[in-house]
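Here is a short briefing on one protein model. Read it with the structure in view.

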Amino acid sequence: MTDPSRQNDDPVNPAQPPEPVISKPYIMPDDPEEGSAEALAKEAAESRDKMLRTLAEMENLRKRTAREVADARVYAITGFARDVLDIADNLQRALDAVPDETRAAADPGLKALIEGVELTERSLLNALEKNGVRKFDPAGEKFDPNFQQAMYEIPDPTVPAGTVVQVVQAGYTIGERVLRPALVAISKGGAKVSASEPT
């Protein structure tokens with residue numbers, strides 16, 4: 001009977017297989033050998049490429065952040081400015097409600113009231129302008145759907161078709177953007193406005 005704890009001393013059939021021979025990993029013909037000057041140059045080139053890409057990404061991020069900060073400064077008051085436009089419109093409506101004849105024949109008290117409303121409107125528009133909000137009145141210009149909203153057409157053969165003939169409500173811009181388009185009436189029936197004509 002054989003002892004199971006006893007190792008097999010038979011040299012022909014050893015109990016454990018011989019250790020495998022580890023060969024050098026295969027190197028692709030275009031891959032330089034590790035530690036060679038060529039490998040170091042390739043690694044340096046890859047590192048330089050990564051560094052340049054990272055620098056370019058950081059520069060783009062810096063520019064984008066600067067642009068977003070500038071936009072935030074210019075357009076941060078957009079909501080507030082829209083709310084204030086109602087006040088400017090009401091002041092204008094109050095002034096338009098007083099006919100020119102009444103103004104001319106008004107007693108000193110009414111004249112002072114009208115001047116006070118005009119002064120308040122000018123003050124409000126100046127404050128808006130200081131913050132980048134500008135009023136525009138496109139009367140007589142060619143209709144531009146980017147800045148104006150057409151409310152209706154007025155038949156008028158004396159002006160080219162597509163010309164703003166009446167401004168129902170003035171428009172406002174903030175920075176380069178339209179805060180509120182002007183509400184306008186455009187002409188219908190006249191000669192077409194040619195593309196070469198200046199607006």
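**Strand S6 and its partners**

S3 and S6 pair in the antiparallel sense, over 4 bridges. Two strands count as paired if DSSP finds at least two bridges between them. Strands (E, at least two residues) and helices (H or I, at least four) are DSSP runs, numbered from the N terminus. This is a predicted model, in which local features need pLDDT of at least 70 and side-chain atom pairs count only at pLDDT 80 or more, while totals for chains, interfaces and linings use all residues. Residues are numbered from 1 along each chain as its sequence is written, and side-chain values use heavy atoms, with hydrogens and water left out.

- Strand S2 (residues 148-155) runs parallel to S6, and 7 bridges join them.
- Gln148 has Ala182 in S6 as its bridge partner.
- Strand S6 (residues 182-188) is largely enclosed by the rest of the structure, because 6 of its 7 residues are buried. Buried means under 20% relative accessible area (1.4 Å probe, protein chains only).

**The open sheet**

- An open sheet is built from 3 strands in the order S1-S4-S5, with antiparallel pairing.
- Its edge strands are S1 (133-136) and S5 (177-180), and each pairs on one side only.
- Neighbouring strands of this sheet are turned by 35° against each other on average, direction ignored. Axes are lines fitted to C-alpha atoms, for helices over the stretch in contact, and angles run from 0 to 180 degrees between N-to-C directions.
- Strand S4 (residues 171-174) and S5 run antiparallel and are joined by 3 bridges.
- Ile174 stands opposite Arg177 in S5.
- Helix H4 (residues 108-130) packs on the sheet and touches S1 and S4. Its direction makes about 125° with that of S1. Contact means heavy atoms within 4.5 Å.

**The largest pocket**

- The largest pocket has a volume of about 240 Å³. A pocket is an open set of points on a 1 Å grid over the protein atoms alone, where a 1.4 Å probe fits, with protein on both sides within 12 Å along at least five of seven lines. The volume is the space filled by probe spheres set on the points.
- Lining residues have an atom within 4 Å of a point.
- Helix H2 (78-96), H4 and strand S3 (164-169) each supply at least two residues of the lining.
- H2 gives the largest share of the lining, 5 residues.

How values were computed
Buried < 20%, exposed > 50% of the residue type's maximum accessible area, 1.4 Å probe, protein only.
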